[in-house]
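The sequence and structure are shown below.

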Amino acid sequence: MSPTVLDLEDQPQIFDIRQNYDGLDLKGEIVRGLGSQLPTLPSLLLWDDQGQDLFDRFSQTPTYYPFHGEIEVLSRYGSDIGASVPAEGALLELGCGAVRKTKSILSGFRQQQKPVNYFALDVSHQGLTTSLVELRKLFKDSPFITITGLLGTYDDCVAWLTGLKTMRALGSMTILWLGNSIANLDSHDQASAFLARFGTACQHARLACRFLVSTDICQRDEKVLEAYNVGRPEYRDFLLNALDAANLELGYEAFSADDWTPASWLDERERNLHFYLTAKYDVLVPLTSVAEGTDAVTIHKGQRVRVVTSGKWSEEVMGQICGKAGFHIQQRWKDDSGDYCIFLLKNVTANISDRRVVQPTAGVGEKILELKKRKI
Ligand SMILES: C[S@@+](CC[C@H](N)C(=O)[O-])C[C@H]1O[C@@H](n2cnc3c(N)ncnc32)[C@H](O)[C@@H]1O
């Protein structure tokens with residue numbers, strides 16, 4: 001399916017790359033998740049427009065070291081990190097969010113006068129538009145940076161990348177994945193599979209693939225638990241917002257925030273911090289799903305519904321995850337405390353050089369946009 005341009009001329013270029021234009025089947029996922037033995041809600045519920053704002057606010061609280069550690073790494077090693085992105089290649093950011101960190105990376109390219117074609121992917125249309133309007137304002141004077149938005153999920157992005165023959169002109173694809181998002185995946189195996197899928201998609205598009213992945217490698221439990229204190233209003237509101245988002249998806253008030261308390265549990269063996277909503281009483285959640293044959297689910301007092309997980313995976317574990325996916329860690333940059341790290345991963349299986357296949361005249365990114373626009 002050809003992507004659709006969502007916005008008007010003066011707005012940022014945002015392509016709708018969702019494979020299912022009616023949106024995801026979040027409703028189905030809610031029903032299935034609540035009915036399972038260990039009840040869950042889809043973590044995507046956290047990332048609606050309201051959730052983006054709440055997370056952005058929370059992430060800047062003083063004890064939230066993952067944000068501050070990442071900013072520290074970027075400001076200290078920004079030029080080295082920028083140098084790892086080949087000139088005139090593509091820089092694709094997965095889950096770009098509020099682009100606070102992206103700004104400093106793109107500023108580096110502007111300073112070095114290094115041409116780069118930046119693509120920002122996110123599931124939140126409003127969040128993506130706000131972020132890209134801001135980025136375009138900041139970089140409108142720079143002939144070196146093209147900025148394009150992609151609305152969709154990670155899965156949509158893999159499909160888009162796989163089918164994008166015109167991207168060959170860029171020669172290389174650097175995938176920027178910040179905010180410890182890799183460790184929001186449920187397991188190490190899922191993380192490996194995720195990296196491998198992007199690697200394969202790049203191979204299809206004949207693009208040399210590398211990742212810049214940031215990871216919270218903190219092994220100090222006290223520090224972790226202080227950062228993610230669910231008693232703090234900023235974080236509590238972020239987690240409870242998943243219930244509002246679920247109500248919107250379902251189309252009726254299935255959940256009331258008053259019935260739930262946010263909670264967390266650190267699995268020390270797996271180094272995964274799980275976040276839940278715990279039922280204060282026996283809560284009857286009405287689910288009008290004929291397809292699933294379910295009318296309602298009772299979550300008993302004290303029972304937990306998992307919403308999201310944030311792994312605190314060590315460097316060693318990251319090495320194993322990457323190795324399994326066909327990537328090796330080429331470089332790593334850490335903050336002062338050693339608790340936060342940005343890894344540069346290179347694909348060891350693909351044999352594609354970084355050199356561009358086509359010599360561009362003007363910005364290659366612009367050309368791609370023209371091509372894609374014509375297809376719509
Ligand atoms: C933890 S935030 C990180 C935001 C930003 N990259 C940063 O480091 O501050 C995760 C971001 O990924 C997006 N996201 C989460 N799951 C996604 C998915 N399956 N597909 C696309 N984007 C997703 C969310 O909307 C959110 O903006």
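## Overall composition

The protein contains eleven helices and 14 strands. The model is a predicted one. Of the 376 residues in the protein, 44% are buried. Among contacts between residues at least 6 apart in sequence, 75% link residues that are at least 24 apart.

## Ligand surroundings

The ligand is surrounded by 17 residues. The closest are Trp47, Gly95, Gly97, Leu178 and Gly179. In terms of residue class, this shell comprises eight nonpolar, seven polar and two charged residues.

Two elements of secondary structure, helix H2 (49–59) and strand E4 (116–122), each contribute at least two residues to the shell.

## Helices H3 and H4

Two packed helices are described by the angle between their axes and the distance between the axes. For helix H3 (residues 65–83) and helix H4 (residues 100–112), the axes come within 10 Å and cross at roughly 30 degrees. Angles under 35 degrees count as roughly parallel, and H3 and H4 are therefore roughly parallel to each other. Their crossing is right-handed.

On the H3 side, the contact involves Glu70, Ile71, Leu74, Ser75, Gly78, Ser79 and Gly82. These residues meet Lys101, Ser104, Ile105, Gly108, Phe109 and Gln112 of H4. The contact of H3 with H4 has four nonpolar, seven polar and two charged residues.

Gly108 lies in helix H4. Apart from neighbours within four places in sequence, Gly108 is in contact with Gly78, Ser79 and Gly82. The C-alpha atoms of Gly108 and Gly78 are separated by 7.0 Å, although the two residues are 30 apart along the chain.

Is Gly108 buried, exposed or partly exposed? A residue is buried if 20 or more other C-beta atoms lie within 10 Å of its own, and exposed if 12 or fewer do. Gly108 has 19 C-beta neighbours inside 10 Å and therefore counts as partly exposed.

## Helices H6 and H7

Helix H6 (residues 154–162) packs with helix H7 (residues 188–204) at an angle of about 20 degrees, and their axes are 8 Å apart. This angle makes H6 roughly parallel to H7. The crossing of H6 and H7 is left-handed, whereas that of H3 and H4 is right-handed.

From H6, Val158, Leu161 and Thr162 take part in the contact. The contact of H6 with H7 divides into five nonpolar residues, two polar residues and one charged residue.

Terms used
Residues numbered from 1 in each chain as written. Predicted model: local features only at pLDDT ≥ 70, side-chain atom pairs only at ≥ 80, totals over all residues. Near = placed C-beta within 6 Å. Helix = DSSP H or I, 4+ residues; strand = E, 2+ residues; numbered from the N terminus. Nonpolar A, V, L, I, M, F, W, Y, C, P; charged D, E, K, R; others polar. Contact = placed C-beta atoms within 7 Å. Axes fitted to C-alpha atoms, helices over the stretch in contact; angles between N-to-C directions. Parallel < 35°, antiparallel > 145°, perpendicular 65-115°, else oblique. Left-handed = near helix turned anticlockwise from the far one by under 90°.
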